[in-house]
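Q: Hi! Could you walk me through this one while I have it open?

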Amino acid sequence: MTDKAELAEPEGDDDLVERLTDLDEELAAQRAAALRSGLDDYELDESDLDILETVSDDPDAITYLPALPVLAIVGRPNVGKSALVNRILGRREAVVEDTPGVTRDRVSYQAEWNGRRFTLVDTGGWEPDAKGIDASVAAQAEIAIDLADAVLFVVDANVGATSTDEQVVRMLRKANRPVFLAANKVDDVRQEPNATELWSLGLGEPRPVSALHGRGVADLLDEILKVLPQVSRVAKQEVGGPRRVAIVGRPNVGKSSLLNKAAGEERVVVNELAGTTRDPVDEQVEIAGKVWRFVDTAGIRRRVHLQQGADFYASLRTSTALDKAEVAVVVLDVTEPISEQDVRIIDLVLESGRALVLAFNKWDLLDDDRRRYLEREIEQDLAHVSWAPRVNISARTGRHLEKLVPALELALESWDTRIPTGKFNAFLAELTAAHPHPVRGGKQPRVLFGTQATSRPPTFVVFTTGFLDPGYRRYIIRRLREIYGFEGTPIQLNMRVREKRKR
């Protein structure tokens with residue numbers, strides 16, 4: 001049973017803003033340095049030291065923690081990709097059903113093997129129609145490969161290589177990526193000869209595995225990790241140039257109208273960077289005298305004709321656009337109730353760590369009744385993003401489109417914000433003095449030291465002597481927002497529980 005006190009958040013202390021405003025910054029920096037040196041009495045690992053060494057108090061400094069390497073799993077439906085994903089993750093996360101092409105909510109997962117962490121991209125979850133099967137599989141795999149450092153191609157060893165498999169192979173050969181061939185469903189020694197027949201695909205040695213029983217998966221992962229780089233070569237964040245915006249949302253909410261209106265209304269399309277499916281079209285647009293770069297507009301303008309798999313494909317497109325963007329504009333249709341899919345797209349933005357603006361579209365079609373319901377829906381379904389700027393627009397008429405710019409600027413400014421280490425530790429000291437953490441099991445966890453590891457999004461690391469309750473962590477984040485703004489950006493708060501060194 002969950003202790004209610006554990007979930008409760010302490011009330012705010014209104015004097016805190018005043019005390020922090022009057023703070024002597026030099027003194028705060030000296031105190032933070034003393035707290036930092038006190039950490040040397042605790043057991044710190046290499047990653048702790050990395051964080052502490054890369055921290056800078058320069059508000060313009062941008063530090064990126066290296067992106068994890070990416071492994072994409074490709075293959076036609078029903079060959080056991082999701083079962084293999086679950087086996088690699090060591091937990092049941094991807095949906096597994098006998099129906100080919102079950103839609104998934106998420107397409108990428110954090111995995112770990114022998115102390116190495118990497119991102120796993122599952123490209124399952126669509127059911128191609130009979131006519132377009134080869135094209136659909138290839139298009140799906142193409143995007144996944146573009147986002148990956150290495151590819152795991154899964155084939156059902158008991159069925160053998162099909163024409164669809166051969167289609168994917170042709171495309172894999174063109175891609176400059178390491179490819180591993182997994183011959184799945186080899187559950188025992190008797191089925192191993194089936195795997196050897198897959199040499200005919202010309203992708204090198206077929207590795208017999210059983211996703212169901214785990215047979216051969218460990219050896220396969222060992223081989224993959226030999227070629228997977230320590231830091232991803234593809235998942236890189238660009239720096240500089242016009243700020244990058246992704247327009248996302250479920251189908252038919254007005255994403256393309258918004259983009260076309262933004263481009264057409266000002267009649268200044270700076271340039272259109274041509275691209276293919278694998279290199280989506282970006283468009284530079286001037287709105288209210290400022291140039292913005294809208295990313296992955298190919299995914300917005302050209303509807304992919306995959307009937308059953310459209311949801312999954314849209315989710316993959318959204319993830320791809322977010323990877324390249326700095327801020328996401330989530331477009332919501334106010335004439336319809338806020339749906340699960342809307343919330344899921346917002347959660348994808350939060351997961352990606354991008355800044356967030358909510359654009360409530362078709363505002364000109366709103367009547368009083370619907371407005372009352374909408375406010376209630378926003379309160380209930382979007383409470384977790386109450387910090388995101390809201391703009392009410394009509395993409396069709398262009399009404400209030402200019403309000404998008406200040407909202408984007410505010411969200412990006414928050415996303416870039418860095419709090420000096422001295423200030424952050426003074427904030428933590430005041431906070432914990434006014435509202436100490438509840439005692440748990442006879443012990444009271446103490447905050448030893450805190451620092452902002454990175455901006456974009458603001459990511460704070462707090463070193464503690466014990467686990468901080470979720471309610472207390474939410475309290476710290478809420479107070480950070482109240483004092484420093486952070487409108488339009490997610491805040492990440494990571495805890496590192498450390499014990500004293502044994503003398």
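Q: What share of the contacts between residues at least 6 apart in sequence join residues at least 24 apart?
A: That share is 75% in this protein, where contact means heavy atoms within 4.5 Å. Keep in mind that this is a predicted model, where local features need pLDDT of at least 70, side-chain atom pairs count only at pLDDT 80 or more, and totals for chains, interfaces and linings use all residues. Residues are numbered from 1 along each chain as its sequence is written, and side-chain values use heavy atoms, with hydrogens and water left out.

Q: Thanks! How many helices and strands does the protein have?
A: There are 17 helices and 16 strands. Both are DSSP runs numbered from the N terminus: H or I of at least four residues for helices, E of at least two for strands.

Q: And which element has the lowest mean pLDDT?
A: Strand β8 (residues 269-273), with a mean of 34, while strand β12 (residues 355-361) has the highest at 96. pLDDT is the predictor's confidence in each residue, from 0 to 100. The protein averages 78, and 77% of the residues score at least 70.

Q: Where does pLDDT stay under 50?
A: Residues 265-280 are one such stretch, and the model has 34 contacts for them beyond four places in sequence. Where pLDDT is low, the predicted coordinates should not be read in detail.

Q: Good to know. Changing topic: what does α7 look like?
A: Helix α7 (residues 163-174) has 12 residues and reaches 17 Å from its first C-alpha to its last, close to the 16 Å expected at 1.5 Å a residue. That expected span is 1.5 Å times one less than the number of residues.

Q: Which residues in α7 are buried?
A: Thr164, Asp165, Val168, Val169, Met171 and Leu172. Buried means under 20% relative accessible area, exposed over 50%, and partly exposed in between (1.4 Å probe, protein chains only).

Q: What about Ser394, buried or exposed?
A: Ser394 has 1% relative accessibility, so this residue counts as buried. Ser394 sits in the loop between β13 (390-392) and α15 (404-416).

Q: What does Ser394 contact, leaving aside its neighbours within four places in sequence?
A: Asn361, Lys362, Asp364 and Arg399. With Asp364, Ser394 also makes a side-chain polar contact of 3.3 Å; that term is for a pair of N or O atoms within 3.5 Å, where within protein one must be able to donate a hydrogen and the other to accept it, and residues adjacent in sequence count only if both atoms are side-chain atoms.
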